Amino acid sequence: MTRPRKQIILGAYLGGVNHQTVWSDPAAGSQIEFASFQHAAQTAERGKFDFFFLAEGLALRERLGQIFDQDVIGRPDNITVLTALAAVTSHLGLIATVNATFNEPYELARQLATVDHLSGGRAGWNIVTSSDAFTGGNFRRGGFLKREDRYTRAEEFLAVARRLWDSWSADDVLADTGSGQFLRRPDAGEFAFSGKQFDISGRFTVPRSPQGHPVILQAGVSAEGREFAAGGGPDAIFSPFHTLAEAQPFYRDIQERSARHGRPAGSTKVLPGAAFVLGDSEADAVERHREIALAQISGRGAQILLETVWNRDLSGYDPDGPLPDVDPDPTGPLVIQGRARIHQDALDTVSKWRALAASNGFSLRQLAVHVFGHTEFVGTPTQVADRLDAFVQNDGSDGFIIGSHLTPTGLDEFVDKVVPLLQERGSLRTDYDGTTLRDNLGIPAYTDRSSLTAA
Ligand SMILES: Cc1cc2nc3c(=O)[nH]c(=O)nc-3n(C[C@H](O)[C@H](O)[C@H](O)COP(=O)(O)O)c2cc1C
């Protein structure tokens, strides 16, 4: 029996100023003005994307104690931006990356429930767990979490948020003008939670929102991160694996873990970040990609990206020369502060990179472009549509979170040229299925109400 064609989930990602975007392009707009967010979100909605997605940086990155202008994350607050976007979109999901280490559940659960109300059921939360002391300094004196506790806190944070969202039932607001009764029960919103991280009780002030629980994503790919994603908490995992060779084993692993936790097949969606470059011919696209990649990652930018793993000052190494001949220094004081570390084992990562550079003849800068430049989908619109579709149909993922090097208009050509081809082959919707983000993603309402009775 042949398997039905998987429907591709699409999220749109709008980056700030970093090695994935080209702020110096004459066509580039602001990474902070509302008009940029509005343009990108409305373009995504025109392409029937499932959601709009914002990453989060809670500290300006530093190199040896100085902010470096090659990588400036300075951005407005996600929840506030998505709230404003709710007013200028009608079907698009709105997913905010928000850290579970530096926030408090009552505050965030209120904000997310509010976005869900204001958008008519389109809110989502991407949980991240960066826990470094450098970022923590912005939040509380000396306050940060030990790395090994980041998922313990995230799990408890999500459990508390779910309890808060469940403290109101959908029918609690009666508003019966005949009897004069507004609330159905006097204890609406009442909650109590006592755990290692949080010990709170009181009343939640936001009545149940259209989705009940916003859609939950998780970004983090360690064994603990995968367990957290598959173990029933999140609905999807945002993955960094954008080549099929890396993505398929990751996808299998998430599905196996999810099954071990008793979740129905396919209930933990896997969504890698992806970027594209289009051309009239393949050669044209390859040349355009080459130019964009060099604008995204300058020689200095390449040194800095590699410093995040080497943890050494690499400014003396020629970007167009071979990889640094020194070993990384994983235990020394940090050269780069404030960047999420997704390559935990520096020695192992560098030895893999050396092999990659040797077999491809990569210079330092070419290796940085290969490893940190996320553009795997380069070709004519037909080739890009073919490859995206094959990636999903061959279980590399359930879809993509698509970004472009150009803020905010980069997505336009994808929506104009690639989306119709994916729709033609039946892999992408031609209209929204429902009104909430859950409806469109096919994620059933969250129904575990055991938190109401648990101590
Ligand atoms: C694809 C991906 C995207 C991420 N995006 C962010 C982000 O926007 N903000 C942030 O603070 N951390 C981000 N992180 C960092 C993670 O939350 C986490 O701190 C890091 O991956 C370490 O967790 P792990 O050991 O489970 O991978 C991201 C991680 C991944 C893999």
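Me: Hi! Which residues are closest to the ligand, and how many surround it?
Reply: 19 residues surround the ligand, and the closest are Ala55, Val128, Gly220, Ser222 and Gly225. A residue counts as near if its C-beta atom, placed from the backbone, lies within 6 Å of the molecule. This is a predicted model, where local features need pLDDT of at least 70, side-chain atom pairs count only at pLDDT 80 or more, and totals for chains, interfaces and linings use all residues. Residues are numbered from 1 along each chain as its sequence is written.

Me: Which elements give two or more residues to that shell?
Reply: Those are strand S5 (93–99), helix H6 (223–230) and strand S12 (236–239). Helices (H or I, at least four residues) and strands (E, at least two) are DSSP runs, numbered from the N terminus.

Me: How many shell residues are nonpolar, polar and charged?
Reply: The shell divides into 8 nonpolar, 9 polar and 2 charged residues. Here Ala, Val, Leu, Ile, Met, Phe, Trp, Tyr, Cys and Pro count as nonpolar, Asp, Glu, Lys and Arg as charged, and the others, Gly among them, as polar.

Me: What does the UniProt "binding site" annotation cover?
Reply: According to the unreviewed UniProt entry, it covers Thr97, Tyr151 and Ser222. Such annotations may be inferred rather than shown by experiment.

Me: Take Tyr151, then: buried or exposed?
Reply: Tyr151, in helix H5, is buried because 25 other C-beta atoms lie within 10 Å. The cut-offs are 20 or more for buried, 12 or fewer for exposed, and partly exposed in between, with C-beta atoms placed from the backbone.

Me: What is Tyr151 in contact with?
Reply: Leaving aside neighbours within four places in sequence, Tyr151 contacts Thr129, Glu224, Gly225 and Phe228. Contact means that the two C-beta atoms, placed from the backbone, lie within 7 Å.

Me: And where is Thr97, and what does Thr97 touch?
Reply: Thr97 lies in strand S5 and is partly exposed, with 18 other C-beta atoms within 10 Å. Not counting residues up to four places away in sequence, Thr97 touches Leu54, Ala55, Glu56, Asn78, Asn126 and Val128.

Me: Changing topic, where is Phe139?
Reply: Phe139 sits in the loop between helix H4 (133–136) and helix H5 (150–166). Phe139 is partly exposed, with 14 other C-beta atoms within 10 Å.

Me: Last one: what is the mean pLDDT?
Reply: The mean is 92, and 96% of the residues reach 70 or more; pLDDT is the predictor's confidence in each residue, from 0 to 100. Over residues 449–455 the pLDDT is below 50, and that stretch has 6 contacts in the model beyond near neighbours in sequence.
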